[in-house]
Each structure stands twice: as structure tokens, then as C-alpha cells.
Amino acid sequence: MSFYRDEFTARSAAVRVRFGAGICKAVAEEIEALGARRALILTTPQQAALADDFAALCGRAAVGRFTGAAMHTPVDISEQATAVARDLGADVLVSVGGGSTTGLGKAIALRTALPQIVVPTTYAGSEATGILGQTENGVKTTLTSPKVQPEVILYDAELVTSLPVGMTVTSALNAMAHAAEGLYARDRSPLSSLMAVEGLRAFRDSLPQVTARPDDVSARGQTLYGAWLCGTVLGQVGMALHHKLCHTLGGSFDLPHAETHAVILPHALAFNAVAVPDLLAPVTELFGHGDPGLGLWHFARDAGAPLALRDLGLKEADLDRAADLASANPYWNPRPVTRDGIRGLLQAAWAGDRPAT
């Protein structure tokens, strides 16, 4: 099918992307290419050992570590890390990890204008965007700015071979959500649609290989390729219902980010397929079952992804409030968003039911 449109605007950020097994060893070279000399290395507490590894790779350029990155990018932690960066006189940020660490680097860059080198260890895709989501007082908000767009991304398949299979699956579905929603974005372009389909295809083909053999470097490389494509789509177009629901559930109920995306995605696509079946036809072609939501639900189930919000800790009593929050200030969406419609979607996702078709 052709993605031609009579009118469109295409945009892409000036980002240097390097792929390859072992490419993370070039981090010192990339610091020098940016004209920087004082790198602050960022990770989560769980990946603190990686901060030491990258300090060694950065050599004399490493002036400090901040290992407090947290899910949903809490503003108070971002302020702490920004103070550390300023105290150290850092002139570049090296973010090693998934969406939490990438988000922290972006939050610091927003406040300091420091350049960023991102080394992803998951498939979140945030590294490919100029989008930052921050949480304060239980509310998650997002902004888009060139200030938070990373300058360099190093995709190293060797770094993700140790990512547990469960996290691999949910992180992949998180990335796939960017591409799936990009297909019906009102500001989509032929380029973003082509990347979306290619990104979804890359995950469809490689994720089963990775779950069967997590140390398969070639398959891991293909999943990173998919993550880059899906993340780039997220950086080029606006998101809709799926992302609104995930931001609400994550920011207001502290649900885990990738797992929430994995559960919500099939239901959000089934909801919107009623309005734009033609735009979601590529998803049906890739995943089968005659419906994009049902096809992705089967794909997620077969990969071992979580299927129910209740298994992530959301209480059934929270569904009314979640529906109120998600429908109060909805993102643009191809199908009208109503409180009752969202409430029904959330009920099915909470219970782990097959998405309505």
C-alpha cells in the first residue's frame, strides 16, 4: 500500500546514530567529537554497575556519576541531578539505560542545555525523540522541545543481550506502540508511516527469536533497529489515546511504564480501528487475526507479555478515576474520546479480556 498524502510536513532531528555490537566502546570518541571534556554518567540504581563500566570507557572525561534515575522522571530527582551536573561543571551527559535514565538526561538538558549521548539498554525509543515526560504531585505531563533531543545515540546489541526476557517483551511492545499510533497520527507523513511499518515488522520478526535465544546478538540488533525506527516515529508525530491512557496510569497510579504500554496497546488499537481501519490495515497484515488490536493481543500473549492491569497493581476501584482523568483533557484521537468509552476500554484491559472488535 502507498502512504502518499496530498499534503504533509516531514521533519527529522539532527541526531548522530551509530549501530553495532561493541559500539558503546566509542563513547569517549563521541564525547570528543562534541567538543566536551567533562561527562556526567547517568543510570538507575539497579544499573549502577554500568556507570562504573562507562566511567572506565570515558576515561579522564568521566567527572561523576548520578545513579538515581527513576520511572516517570520525578521532578525532584531531576532537580537533584541537575544540581550535581552544575556542581561538577559537566559539559556532556552520558545516559546509559532505558526510558527512566534517558528521561533524566533530557530533564537535565532542559535545565542546562547540555548535550546528550544516550546508550539504550532497552527498546523504549525515547532516545530518538525531543519529548520529555515528567511527574510532579502525581501528575505526568509531557513537553516537546529541541532542547531535550539527544545529539548522539549508540545502539549496541551486546548491551541488551542480558536484558531479561520479560523486560525485553514489555519494552518491545512499548516501542511498538509508538509506531502503531503513528500510523493514524494527524500529522503523519509518508516517511513516518514507512518507518512505523518497518519498525513493527522488525519486532514481529525478531522478538520471537530473542525470547527463544536471549543471547542472539543478531536478533537483538534487529530489535534495536525496530526500537530506533519506532522511537523516531514518536519524535515526528503526535500520539493519541494509547499514550494518554499510559501517561494517566503511570503518572497518577504509578504503574510500571513498559508493562502498562503492553497491556493497553491492543485495546487502544481495537478502539481506534473502528474509525480508521484503513490506516491500521498494515498492523492487521503484519499480525493477522483480522483486526489490529486482536492481532497484537495474540502477539503479546504468545510472547508472554502481561495482559491485565490488575496484575500490575491497579485496583478495580481505581478505574472510574482513571477514566475521569484520561477523558478530562484528551489528546487528539481519530475516534471521539468519551468517558464511557474509555471506562469500557479500561475495564477490559484491567480484566485481561481480549480487546473488543
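Trainee: I'd like to start with helix α4 (residues 99-112). How far apart are its end C-alpha atoms?
Mentor: Helices here are DSSP runs of H or I with at least four residues, strands are E runs of at least two, and both are numbered from the N terminus. The expected span of a helix is 1.5 Å times one less than its number of residues. For the 14 residues of α4, that expectation is 20 Å. The model agrees, because the end C-alpha atoms of α4 are separated by 20 Å.

Trainee: Before we go on, at which pLDDT do side-chain atom pairs count?
Mentor: This is a predicted model, with residues numbered from 1 along each chain as its sequence is written, and its side-chain values use heavy atoms, leaving out hydrogens and water. Totals for chains, interfaces and linings use all residues, local features need pLDDT of at least 70, and side-chain atom pairs count only at pLDDT 80 or more.

Trainee: Which strands and helix do the buried residues of α4 pack against?
Mentor: Buried means under 20% relative accessible area, exposed means over 50%, and partly exposed lies in between (1.4 Å probe, protein chains only). The buried residues of α4 are T101, T102, G103, L104, G105, K106, A107, I108 and A109. Their packing partners are the helix α3 and the strands β2 (39-42), β3, β4 (92-97), β5 (116-120) and β6 (131-136).

Trainee: T73 is not a glycine either. What is its phi?
Mentor: T73 sits in the loop between β3 (62-66) and α3 (75-88). With a relative accessible area of 6%, T73 is buried. Its phi is positive, at about 50°.

Trainee: Is H289 buried, exposed or partly exposed?
Mentor: H289 belongs to the loop between α10 (281-287) and α11 (292-303). Its phi is also positive, near 65°. The relative accessibility of H289 is 47%, so this residue counts as partly exposed.

Trainee: At what angle does α9 cross α5?
Mentor: Axes are lines fitted to C-alpha atoms, for helices over the stretch in contact, and angles run from 0 to 180 degrees between N-to-C directions. The axes of α5 and α9 come within 7 Å, and they cross at roughly 35°.

Trainee: What do T170's contacts look like: which residues does it touch?
Mentor: T170 lies in helix α5 (residues 165-182), and at 4% relative accessibility it counts as buried. Contact means heavy atoms within 4.5 Å. Not counting residues up to four places away in sequence, T170 touches A258, E259, A262 and P306.

Trainee: How are helix α12 (residues 319-328) and helix α13 (residues 339-351) oriented: parallel, antiparallel, perpendicular or oblique?
Mentor: Their axes are 9 Å apart, at an angle of about 135°. Angles under 35 degrees count as roughly parallel, over 145 as roughly antiparallel, 65 to 115 as roughly perpendicular and the rest as oblique. That is why α12, relative to α13, is oblique.

Trainee: And which residues of α13 are in contact with helix α8 (residues 241-253)?
Mentor: The axes of α8 and α13 come within 13 Å and cross at roughly 70°, which means that α8 is roughly perpendicular to α13. From α8, the contact uses L241, L245 and L249. From α13, it uses I342, L345 and L346.

Trainee: Last one: how far is the C-alpha atom of V148 from that of L249?
Mentor: V148 is in the loop between β7 (139-144) and β8 (152-155), and at 0% relative accessibility it counts as buried. Beyond its neighbours within four places in sequence, V148 contacts several residues, including K106 and L110. V148 and L249 are 101 residues apart along the chain, and their C-alpha atoms are separated by 24 Å.
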